[in-house]
Structures are given as structure tokens and as C-alpha cells.
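Reader: I have a structure to go through and some questions about side-chain packing. Can we start once it is on screen?

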Amino acid sequence: MRRKMVRIKLMSYNIRHGRGMDDQVDLSRVADVIKRSGADIVGIQEADEHWSERSDYEDQTAWLASELGMHHVYGGSIDLDPTAESRGHRRKHGAAVLSKHPIQASRQRLFSTCVKSRRELLETEIDVEGVVLHFYCTHWGLEAEERMIQSGETIQWMNEKIGPGVVVGDFNAEPGSPEMVRIFREFCDSCAGEPTSSALYTFAADRPVKRIDYMLGNRHIRLSNHEVIFTLASDHLPILCQAEFGIIEQRRGNPETGGSMARC
């Protein structure tokens, strides 16, 4: 038997429906950031789908996927009735996943909390050169109490799957918060071991003062080379890292997921 390993780049990006720090909506700038990063899989937060005139009723995830030549799925935890302006389409706002690799399955998980708006964990299974990656994109709430519940549900749902898994997103919480400490106990931070520094801050884009965007992997995946990309295409800075994971290929029988890899 031998171990088959794959290495890809992952990104998390809250795009604020394409509205940059100049208050202009321009999805082409977001697409350019993703393209230049070389990311293979991207978790997007705050994407509009036929939402309103603020984003010209555009299906933003589909537009980005077409522009970048990537596969895509969309969640949209905020889901409103159609209007005449939306031409019969439901109006949604929420999380999405873009991938250069085929997305085999997806599922929208709605958190049990709903303080100011409905929040989600968008779950996907992505075929990366024959290895299935469980890739999750999320956007937690604004209140500490609801984020603590969302932390627990994120852990529960991710642990239902066997094999390499990573969750990315805007967690709306700083590293020392109880909800982040809780999830750090379960999953490995992409910049674990790096010194705490303002270079890791992701919000606000023009003058970053805190870190609230993360990529966290389970024990079957190794995340490294964490990078914060400076751009004013949104009010958040996107983050990028390298992911390494694989399977054990046997001469006979089915492949098995490799053993523990994470080193926090």
C-alpha cells in the first residue's frame, strides 16, 4: 500500500456582496483577487443571489464561478420572497463555495440560533484528485451567546464525517473568545504556531484591528503557509493557506483515509 497525498490552496473571503472600501460594488475586483491568489477552493461569505438593487439582483456566486471557470454551490441562509424586480427569483444572502475540483455533494445546515439573522454552515464534499475533502463554509452571528451555540453545532456536524475536513469563514470572534477557544480544542488553526501579530488581522480591510476570519482543519488534514491578502475589494481581508491531505491506497479493497496529520 502507499499513501496518496494532494496539496491545494484554500481561501476564505467575506466579500460583502462585492462592495469595496470605496463603497462601490464591483465583483470583478473580487474575481481578480481570487484568480491572482491561485486558490483551488474558496469559501465565500455575504454573497447575494437576486437580493436587491444594491447588487443589481445578480446571482453573484454563479457570476464568479463563470468568470473564474469554477464549480459552485450556494446556501443563502437569509431567504426572502421574490419581488417583481427579482424577476420571480427568491432573494438570498449567505455563504457559497467555489472550487476548481468537482463538488460531489452539498448540504445547507442552519444553526439553531437566530438572534438578528439566520446563519448557516454550508457543507460540501469535493473530489480532489480522487480524495474526498469535506469543506465547510460558515458565517457566525454577532452575539457571543449565539456564537457559542454555533461553535458547538459546527463541531458536532463536522465530526459526523470521516476523512479530511476543513471549515473556513467569518466567525465574528477573536481568538481568545470562549467560542474560538472551544473550537480550537477540536480543530487545528491554519496559523497555529505562528506568533500573534497584527499581520494576521482581517478586519477592517483598510485599517485591520482584529482577526475574525479563520481556516480550521481536523486531524486528517494539515494546514500551513497561512497568508492574509491585502485588498480593498471588501471590508474583510481574504485569507489563504496550503492544505495537505490524502488516503492510503491498498492493492486490494477500498482506499482508506490516512491517519492523523494535524500538528497544532
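Author: A word on terms before we start: contact here means heavy atoms within 4.5 Å. Also, this is a predicted model.

Reader: Fine. Which residues is histidine 101 in contact with, leaving aside its neighbours within four places in sequence?

Author: Histidine 101 touches Ile8, Asp40, His71, Ile126, Asp127, Val128 and Glu129.

Reader: Where does histidine 101 sit, and is histidine 101 buried or exposed?

Author: Its place is in the loop between β5 (91-99) and β6 (103-110). Histidine 101 has a relative accessible area of 14%, and buried means under 20%, so histidine 101 counts as buried.

Reader: Switching to aromatics. How many aromatic pairs are there in the whole structure?

Author: A search finds 4 aromatic pairs. In one of them, the ring centres of tryptophan 140 and phenylalanine 171 are 4.5 Å apart and the planes are at 70 degrees, so this pair is edge-to-face.

Reader: What parts does that pair tie together?

Author: Tryptophan 140 is in the loop between β8 (131-139) and α3 (144-158), and phenylalanine 171 is in the loop between β9 (165-170) and α4 (178-184), so the pair ties together parts 31 residues apart in sequence. Tryptophan 140 is buried, at 0% relative accessibility, and phenylalanine 171 is buried at 0% as well.

Reader: How does phenylalanine 171 pair with tyrosine 214?

Author: Edge-to-face, at 5.4 Å centre to centre with 85 degrees between the planes. Tyrosine 214 lies in strand β11 (residues 213-217) and phenylalanine 171 in the loop between β9 and α4, so this pair ties together parts 43 residues apart in sequence. Tyrosine 214 is buried too, like phenylalanine 171.

Reader: Which residues form the aromatic cluster?

Author: Trp140, Phe171, Phe184 and Tyr214 form one cluster.

Reader: Now charges. How many salt bridges does the structure hold?

Author: The structure holds 16 salt bridges. Among them is aspartate 79 with arginine 90, at 2.7 Å, N to O. Aspartate 79 lies in strand β4 (residues 78-80) and arginine 90 in the loop between β4 and β5, so the pair ties together parts 11 residues apart in sequence. Aspartate 79 is partly exposed at 36%, and arginine 90 is partly exposed at 34%. Arginine 90 also meets aspartate 81 in a salt bridge, at 3.2 Å, N to O.

Reader: And aspartate 189 with arginine 211: are they buried or exposed?

Author: Both are buried. Their closest N and O atoms are 2.8 Å apart. Aspartate 189 is in strand β10 (residues 188-189) and arginine 211 in the loop between β10 and β11, 22 residues apart.

Conventions
Residues numbered from 1 in each chain as written. Predicted model: local features only at pLDDT ≥ 70, side-chain atom pairs only at ≥ 80, totals over all residues. Heavy atoms only, no water. Phe/Tyr/Trp six-rings, centres within 6.5 Å; stacked < 30°, edge-to-face > 60°. Helix = DSSP H or I, 4+ residues; strand = E, 2+ residues; numbered from the N terminus. Buried < 20%, exposed > 50% of the residue type's maximum accessible area, 1.4 Å probe, protein only. Salt bridge = Lys/Arg side-chain N within 4 Å of Asp/Glu carboxyl O.
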